[in-house]
Amino acid sequence: MKWYSKYLSVYEKPFAEVPAATVAEVRAKLAERQSDRPLVTVSVIAYNEEKRLTACLWSLAEQQCRYPMEIIATDNLSKDRTAEVLEALGLPWQRETTPGCGHARLCGLNRARGKYHINIDADTMYPPRYVETLVGALERPGVVAVSSLWGYIPDASHPAFGLWCYELARDTHLWLQSFRRPELSVRGLVFAYDTSLARKVGIRTDIIRGEDGSLALGLKQYGRIVFVRSRRARAVTGYGTVSKDGSLLDSFRIRAVKALKGAGSLFTRKSEYEDEEDNLLK
């Protein structure tokens, strides 16, 4: 059985359909995870994520981590019951009134008390050793940021074998790209970094997407960006931008063409961040 199987019982369900016993369990476990002196801040951002947020927070509530942590959230002007979910589960949260992923990430960063900051997307579920694995990597000398990988939930439109092939190709490309252009290989849903350095660099709010890559480029001047390939740090998410391209085969074809066009980035370094059409999007 997959580690995330039980979380699927509430994934894509309105909050009204989440059993009261599950709400009580997640609320109690989230409270247990909160430390008054956190080494790491786990920062969730959410926009209209009522149907996926409970599953995400359930996975965070069951983190097995030897490092003290805090879990906080930012609601980016959601129009559904996202804020009610955060209240019901007892999670410290704040509303960011300026729309945009960069603004939401910055809101969480400004409130973080931990030495390290872990980005969390509300439509994503995280394995039980996720936080511990990323913090362990950040504790290594000279490391200023860490990124990991992610998979997708198999369903009727996305069979497991097709997803395996798609993810293998994507992961290989990101790995090759990370040697020279790590800023193009990080993704916000699986990104962690030194809090004080991130505040020094700043999170861009003037772009629609790519604030994670821009931050990574700024952090690179202070030390190494490490990519964790362990299954213990492999998150699972919904289909996001992948589904906008049609079938999984269509998505693969579109991204493969973009990756080939941007193949030069595998062998060059740049001092300014360029999104380069996000060769392989979330």
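**Exercise 1. A nonpolar surface patch**

Determine which residues form a nonpolar patch on the surface, and what accessible area they have together.

*Solution.* Step 1: F161, W164 and L168 form the patch, and their accessible area together is about 390 Å². Patches are built from residues with over 30% relative accessible area and no salt bridge, nonpolar side chains (Val, Leu, Ile, Met, Phe, Trp, Tyr) being joined within 5 Å and like charges within 9 Å. The areas come from the Shrake-Rupley method with a 1.4 Å probe, and for residues only the protein chains shown count as cover.

Step 1: W164 belongs to helix α6; helices (H or I, at least four residues) and strands (E, at least two) are DSSP runs numbered from the N terminus.

Step 2: W164 counts as exposed because its relative accessibility is 53%. The classes are buried (under 20% relative accessible area), exposed (over 50%) and partly exposed (in between), with a 1.4 Å probe and protein chains only.

**Basis of the exercises**

The model is predicted: local features need pLDDT of at least 70, side-chain atom pairs count only at pLDDT 80 or more, and totals for chains, interfaces and linings use all residues. Residues are numbered from 1 along each chain as its sequence is written, and side-chain values use heavy atoms, with hydrogens and water left out.

**Exercise 2. The second largest pocket**

State the volume of the second largest pocket, and describe its lining.

*Solution.* Step 1: The volume is about 480 Å³. A pocket is an open set of points on a 1 Å grid over the protein atoms alone, where a 1.4 Å probe fits, with protein on both sides within 12 Å along at least five of seven lines; lining residues have an atom within 4 Å of a point. Grid points are joined across faces, edges and corners, and the volume is the space filled by probe spheres set on the points.

Step 1: The lining of this pocket consists of 21 residues, and those nearest its centre are K2, G151, E167, R231 and R234.

Step 2: Two or more lining residues come from each of β7 (150–152), α6 (160–178) and β10 (235–237). Helix α6 gives the largest share, seven residues.

Step 3: By class, twelve lining residues are nonpolar, seven charged and two polar. Here Ala, Val, Leu, Ile, Met, Phe, Trp, Tyr, Cys and Pro count as nonpolar, Asp, Glu, Lys and Arg as charged, and the others, Gly among them, as polar.

**Exercise 3. Salt bridges**

How many salt bridges does the structure hold? Which parts of the chain do R234 and E167 link?

*Solution.* Step 1: The structure holds 19 salt bridges, each being a side-chain nitrogen of Lys or Arg within 4 Å of a carboxyl oxygen of Asp or Glu.

Step 1: In the salt bridge between R234 and E167, the closest N and O atoms are 3.2 Å apart. R234 lies in the loop between β9 (224–227) and β10, and E167 in helix α6, so the pair links distant parts of the chain, 67 residues apart. Both R234 and E167 are buried.

Step 2: Within the bridge between E62 and K6, the closest N and O atoms are 2.8 Å apart. E62 is in the loop between α2 and β2 (69–75) and K6 in the segment before α1, so the pair ties together parts 56 residues apart in sequence. E62 is buried, at 14% relative accessible area, whereas K6 is partly exposed, at 37%.

Step 3: D75 and R95 form a salt bridge of 3.6 Å, N to O. Because D75 lies in strand β2 and R95 in strand β3 (residues 93–95), this pair ties together parts 20 residues apart in sequence. D75 is buried, at 0% relative accessible area, whereas R95 is partly exposed, at 41%.

**Exercise 4. Positive phi values**

Where are E12 and N48 found, and what is phi of E12 and of N48?

*Solution.* Step 1: Most residues other than glycine have a negative phi.

Step 1: E12, in the segment before α1 (20–33), has a positive phi near 65°. Its relative accessibility of 43% makes E12 partly exposed.

Step 2: N48, in the loop between β1 (40–46) and α2 (50–61), has a positive phi near 55°. N48 is also partly exposed, at 23% relative accessibility.
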